[in-house]
Amino acid sequence: MDTVWTRPAQLDGSLNDDVIGYGVEAPDGSVGTVVRLSPVPGFDHLVIDAGVWKFGRSVVVPAGVVTAVDAGEQVVKVGCTKEQIKDAPRFERDQDTGDLFYLRKLGAYYESLVTAVE
């Protein structure tokens, strides 16, 4: 993977707008539902409604942490745990997904997870 923002090649184009409404599964359980994809140049990511954790809280997950898309089950699988996603820099408002300062901070967090695993 080039960066956490790069869509994994093995997904073969399956990470597209069709996944809006799909559930998101971490290795340790459900994260929430994809509400949109944001292809900010160089910062591809998913916005997930994680209301199951807190009152309507949404989270941003870089496309590079997606490990699989199962169209039959309508599930996007990610390679980090629910706790790691919860600990990521908070997504407060829609403008954050276009804020390069926020995206760089979020990217650094997820890059540190990838580095810790390697």
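A nonpolar core is a set of buried Ala, Val, Leu, Ile, Met, Phe, Trp, Tyr and Cys residues joined through side-chain atoms within 4.5 Å. Keep in mind that this is a predicted model.

**Exercise 1.** Find out how many residues the largest nonpolar core has, and which element gives the most to it.

*Solution.* 
Step 1: The largest nonpolar core has 35 residues, and L15, L46, V61, V76, V78, I85 and Y110 are those with the most contacts inside it.
Step 2: Next, look at who supplies them: β1 (23–26), β2 (29–40), β3 (43–49), β4 (58–62), β6 (75–78) and α2 (100–117) each bring at least two residues to this core.
Step 3: α2 gives the most, with six residues.

**Exercise 2.** List the contacts of L46, leaving aside its neighbours within four places in sequence.

*Solution.* 
With those neighbours left aside, L46 is in contact with L15, V34, R36, L37, V59, V60, V61, A63, V66 and V76.

**Exercise 3.** Work out for S38 and then for D17: buried or exposed?

*Solution.* 
Step 1: S38 is found in strand β2.
Step 2: Its relative accessible area is 10%, and buried means under 20%, so S38 is buried.
Step 3: Leaving aside neighbours within four places in sequence, S38 is in contact with F43, D44, H45 and T97.
Step 4: D17 is found in the segment before β1.
Step 5: D17 has a relative accessible area of 55%, and exposed means over 50%, so D17 is exposed.

**Exercise 4.** What separates the C-alpha atoms of D17 and L37?

*Solution.* 
D17 and L37 are 20 residues apart along the chain, and 6.6 Å separates their C-alpha atoms.

Definitions and conventions. Residues are numbered from 1 along each chain as its sequence is written. This is a predicted model: local features need pLDDT of at least 70, side-chain atom pairs count only at pLDDT 80 or more; totals for chains, interfaces and linings use all residues. Side-chain values use heavy atoms; hydrogens and water are left out. Buried means under 20% relative accessible area, exposed over 50%, partly exposed in between (1.4 Å probe, protein chains only). Helices (H or I, at least four residues) and strands (E, at least two) are DSSP runs, numbered from the N terminus. Contact means heavy atoms within 4.5 Å.
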